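Hi,

Here is the structure I promised to pass on. Have a look at it first, then read my notes below.

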Amino acid sequence: MRQIPNALMLFAAGFGTRMGALTASCPKPLISVAGKPLIDHALDIATDAGIGNIVVNTHYLPDMMQTHLAGRNVTLSHEDEILETGGGLRHALPLLGPDPVFTLNTDAVWTGPNPLQTLAAVWDPAKMDALLLLIPLAQAKGHKGKGDFIPDANGTLSRGTGLIYSGAQIIKTDALPAIPQTKFSLNLLWDEMINSRRLFGIPYSGNWCDVGTLQGIKIAETMIGTRDV
């Protein structure tokens, strides 16, 4: 039987400097999009997917995050300094447990199938060390990049201009403790997985919007249908 993860890491510790004045006194995950904070959009995805263990990392203005999430079915993993995605995930491992986990960025919104359920339906730990959810360029809103990964016919990934990493994945975490750096990106693990041909990806069938800038808020609300074009 395939092992479907029951733990989720929500990345929410960053400063959100591209949002300008909006994040001078408010963490980016609490910025409202379509009448709801970004992190609530992510939590709705997690709840809909039936995730039992949700961990949110915090750093910038953590008291505001703690207040907003009080009474919610989440656990906070506070970082005294920004540890980046890899370091942040490793820091949260005592809360997440040893099994593979979902990770999800909190600065995007989605329309279409639940991204976590989409990953779970394809996850095969016998051949995969990570499974990334990827966005075709035509379905990516508010994102200026030209793509991050190219899948082959089997879904095995290599680096290159192709599909955009969405911020959603399933990943095994057992290699994290051996990395000597305190602060590091998950790209370090992904590169090792590429070399061993155990990094996989699947395209997402819905739409996705990167909400990293003020303009991204408007684009996301148009995509969701709460703002006139």
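A quick definition before the tour: a residue is called buried if its relative accessible area is under 20%, exposed if over 50%, and partly exposed in between (1.4 Å probe, protein chains only). By that rule Y165 and W190 are both buried.

Some housekeeping: this is a predicted model, where local features need pLDDT of at least 70 and side-chain atom pairs count only at pLDDT 80 or more, while totals for chains, interfaces and linings use all residues. Residues are numbered from 1 along each chain as its sequence is written, and side-chain values use heavy atoms, with hydrogens and water left out.

Now the aromatic rings. Rings of Phe, Tyr and Trp (its six-membered ring) pair if their centres lie within 6.5 Å; planes under 30 degrees apart count as stacked, over 60 as edge-to-face, and the rest as tilted. Searching the whole structure turns up 4 aromatic pairs. One of them joins F149 and W190, edge-to-face, with 5.8 Å from centre to centre and 80 degrees between the planes. F149 sits in strand β10 (residues 149-151) and W190 in helix α6 (residues 187-195), so this pair ties together parts that are 41 residues apart in sequence. (Helices, H or I with at least four residues, and strands, E with at least two, are DSSP runs numbered from the N terminus.) F149 and W190 are both buried. The rings of Y165 and W190 have centres 4.9 Å apart and planes at 75 degrees, so that pair is edge-to-face too. Y165 belongs to strand β12 (residues 164-171), so its pair with W190 in helix α6 ties together parts 25 residues apart in sequence. Through these ring pairs, F149, Y165 and W190 are linked into a cluster.

Next, a sheet. Two strands pair if DSSP finds at least two bridges between them. Here 3 strands make an open sheet with mixed pairing, in the order β7-β14-β9. Which strands are at the edges? They are β7 (108-111) and β9 (140-141), each pairing on one side only. β9 runs parallel to strand β14 (residues 207-210), with 2 bridges between them, and K141 has C209 as its bridge partner in β14. Helix α7 (residues 214-224) packs on this sheet and touches β7, β9 and β14; its direction makes about 160 degrees with that of β14. (Contact means heavy atoms within 4.5 Å; axes are lines fitted to C-alpha atoms, for helices over the stretch in contact, and angles run from 0 to 180 degrees between N-to-C directions.)

How many does the structure hold? The count is 0. C209 is buried at 0% relative accessible area, and C26 is buried at 16%.

T58, in strand β4 (residues 53-58), is buried with a relative accessible area of 2%. Its side chain makes a polar contact with that of H78 at 3.1 Å (a pair of N or O atoms within 3.5 Å; within protein, one must be able to donate a hydrogen and the other to accept it, and residues adjacent in sequence count only if both atoms are side-chain atoms). I82 lies in the loop between β5 (75-78) and α3 (84-91) and is partly exposed, at 27% relative accessibility.

Cheers

Note on methods: Disulfide = S-S within 2.5 Å.
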